[in-house]
Amino acid sequence: MGDVREIYPGTPPNLTIYVPMSQVPATLTREYLAMGGLLVNGGDRPEQVVSTLRDVVRQTDPLLPEPTFRSLSEISGDTLQQQRFNAALMTGFAALALLLTAIGLYGVQGYNIAQRTHEIGVRIALGAVPGKVVGLVVRQGFAWIALGLGVGLVGALALTNLLEGMLYGIEASDTRALIAAVLLLVFVSLIVTYLPARRATQLDPVAALREE
């Protein structure tokens, strides 16, 4: 089993000794019960165990307040509530940034390809295969995108320290996450470059040759 973080997920685990309740002095036992609780294995029927525990408390002392029962999943969920909110917020911002990036790249690539409509028309009129023309335009356009991806990756690695406090169990510079992000950006970049190039090659060569 791994270490247990009893207070907060970000705090390092402390040295802890588990002692049977029978070996704890009576005065300390009352204090522990007042500020702590009991961990009960509910098995396959936790509702039945909760009902039984309520009956035991009532039979022991009817004046005792109604105990509160919570599952470990609920407790851990409340502990990580802030972290999950931050993660969801950052995911939303990342999705928005990806959308804006795709729109920006599509606009830039579309404008650049529109400026080359005459060139594309000449190539097709001279017998170039549209598929090869599309591949040429995509490769040339993606060269600048690859440069931007390289600069962005270096910047991401330099800013990983800002994410250390929000991650648990993984490193901010996780290789698989970085590779997945790069592959996603490459895929989006290829799509937004391919679409305007494909559209340009579908024009009538005569009309394309008239473009200035």
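Which residue forms a salt bridge with D55, and how many Å apart are the closest N and O atoms? Before I answer, please keep in mind that what we have on the screen is a predicted model, with a mean pLDDT of 76 for the protein and 83% of its residues reaching 70 or more.

The partner of D55 is R58, and the closest N and O atoms of the pair are 3.1 Å apart. The two residues both belong to helix α2, which covers residues 46–60, and they are three residues apart, about one turn of the helix. In general terms, an α-helix has 3.6 residues a turn, so residues three or four places apart point the same way.

Let me turn now to helix α5, residues 117–125, where the buried residues are T117, I120, G121 and I124. These residues cover an arc of only 100° around the axis, and so they sit on the same side of α5. After α5 comes G127, a residue whose phi is positive, near 105°.

Where pLDDT is low, the predicted coordinates should not be read in detail.

Note on methods
Residues are numbered from 1 along each chain as its sequence is written. This is a predicted model: local features need pLDDT of at least 70, side-chain atom pairs count only at pLDDT 80 or more; totals for chains, interfaces and linings use all residues. Side-chain values use heavy atoms; hydrogens and water are left out. Buried means under 20% relative accessible area, exposed over 50%, partly exposed in between (1.4 Å probe, protein chains only). Helices (H or I, at least four residues) and strands (E, at least two) are DSSP runs, numbered from the N terminus. The arc is that of the directions from the helix axis to the C-beta atoms. A salt bridge is a side-chain nitrogen of Lys or Arg within 4 Å of a carboxyl oxygen of Asp or Glu. pLDDT is the predictor's confidence in each residue, from 0 to 100.
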